Amino acid sequence: MAKNHNIDRILRDWPYVPGEVQARLTKGADGREILQMRVEMGLLQMEVARRPDGTRPHGCETYHDYLQEEAFAKGDDFELTEEQCAEADREFVQFYHRRICWLALREFKRAAADAEHTLAMMDFAKKHSPEEEWTLSHEQYRPFVLFHRYQAGALAKLEESGPEEAISELNQGLDILKNVFVEYEAEEKFEEDELVQRLNQLKEALREHYSVGRTLNEQLADAIATEQYELAAKLRDELAKKDKR
């Protein structure tokens with residue numbers, strides 16, 4: 001007699017809600033932590049570390065790791081094959097699903113780490129892409145991934161180190177985002193971009209809620225911009241002391 005492998009009860013007890021990222025952490029049969037995401041036609045189950053599907057491509061922890069080994073072995077002329085592009089795309093999608101689950105669960109450090117993986121893969125894909133069209137199919141999402149990276153990073157810093165560190169994280173993200181807009185000759189659209197505005201809104205909300213003025217990094221930037229070099233030197237000393245604490 002065939003075993004009953006249906007998941008009717010699980011789906012019935014966890015109804016799908018359109019437009020909402022539904023995620024939960026639970027335990028596998030062996031007691032390991034696993035991540036689940038409810039989707040319209042069922043659910044996705046992911047590992048919480050390394051590659052979300054739990055596989056080891058060519059014995060490596062992720063496909064990105066494997067591609068880095070290939071590029072190192074074959075030198076600067078290494079170019080992704082059609083098959084490798086398809087496998088890289090699979091890993092991009094897997095890490096996207098896990099990242100949005102971490103954000104929904106407010107697991108900000110994990111969300112930031114998965115965004116870092118995706119950004120590293122984007123850098124690799126850009127360098128070794130076989131064609132511009134494939135490169136742009138990923139580069140168009142770089143601002144979105146950066147938004148997740150620095151939104152999550154700021155909220156993780158808020159929990160661990162306080163609002164000043166969170167604001168510094170947001171400023172770093174905004175600088176990197178601006179560089180992307182400059183690279184693609186869209187600097188004039190930077191201030192009006194929705195993702196940029198949302199990071200700025202989060203920054204101002206943190207300032208207001210925690211009564212935070214200009215951070216040391218911001219004061220340093222102001223001093224350099226106004227050529228107050230003696231003040232800038234003092235602020236650098238303060239930052240160095242702070243980093244040693």
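This short talk goes through the charged side chains of one predicted model.

First, the ground rules. Because the model is predicted, local features need pLDDT of at least 70 and side-chain atom pairs count only at pLDDT 80 or more, while totals for chains, interfaces and linings use all residues. Residues are numbered from 1 along each chain as its sequence is written, and side-chain values use heavy atoms, with hydrogens and water left out.

Let's start with salt bridges. How many does the structure hold? The count is 17. A salt bridge here is a side-chain nitrogen of Lys or Arg within 4 Å of a carboxyl oxygen of Asp or Glu.

Take D13 and R9. Their side chains meet in a salt bridge at 3.5 Å, N to O. Both sit in helix α1, residues 8-13, and they are 4 residues apart, so about one helical turn separates them. Helices are DSSP runs (H or I, at least four residues), numbered from the N terminus. The cut-offs: buried is under 20% relative accessible area, exposed is over 50%, and partly exposed is in between (1.4 Å probe, protein chains only).

Next, helix α2, residues 63-74. E70 and K74 lie there, 4 residues apart, about one turn of the helix. Their salt bridge spans 3.2 Å, N to O. E70 is buried, with 18% relative accessible area. K74 is exposed, at 54%.

Now R149 and E116. Their side chains form a salt bridge at 2.6 Å, N to O. This pair links distant parts of the chain. R149 is buried at 12% relative accessibility. E116 is partly exposed, at 38%.

Some bridges share partners. In that way D30, R32 and E47 are joined into one network.

Last, a surface patch. Which residues form the negative one? They are E187, E188, E191 and E192. Asp and Glu count as negative, Lys and Arg as positive; His and the chain ends are not counted. Patch residues have over 30% relative accessible area and no salt bridge, and like charges are joined within 9 Å (nonpolar side chains within 5 Å). For Glu, the place of the charge is taken as CD. Look at E191. E191 lies in the loop between α7 (163-183) and α8 (194-210). E191 is partly exposed, with 47% relative accessible area.

Conventions:
Accessible areas come from the Shrake-Rupley method with a 1.4 Å probe; for residues, only the protein chains shown count as cover. Helices (H or I, at least four residues) and strands (E, at least two) are DSSP runs, numbered from the N terminus.
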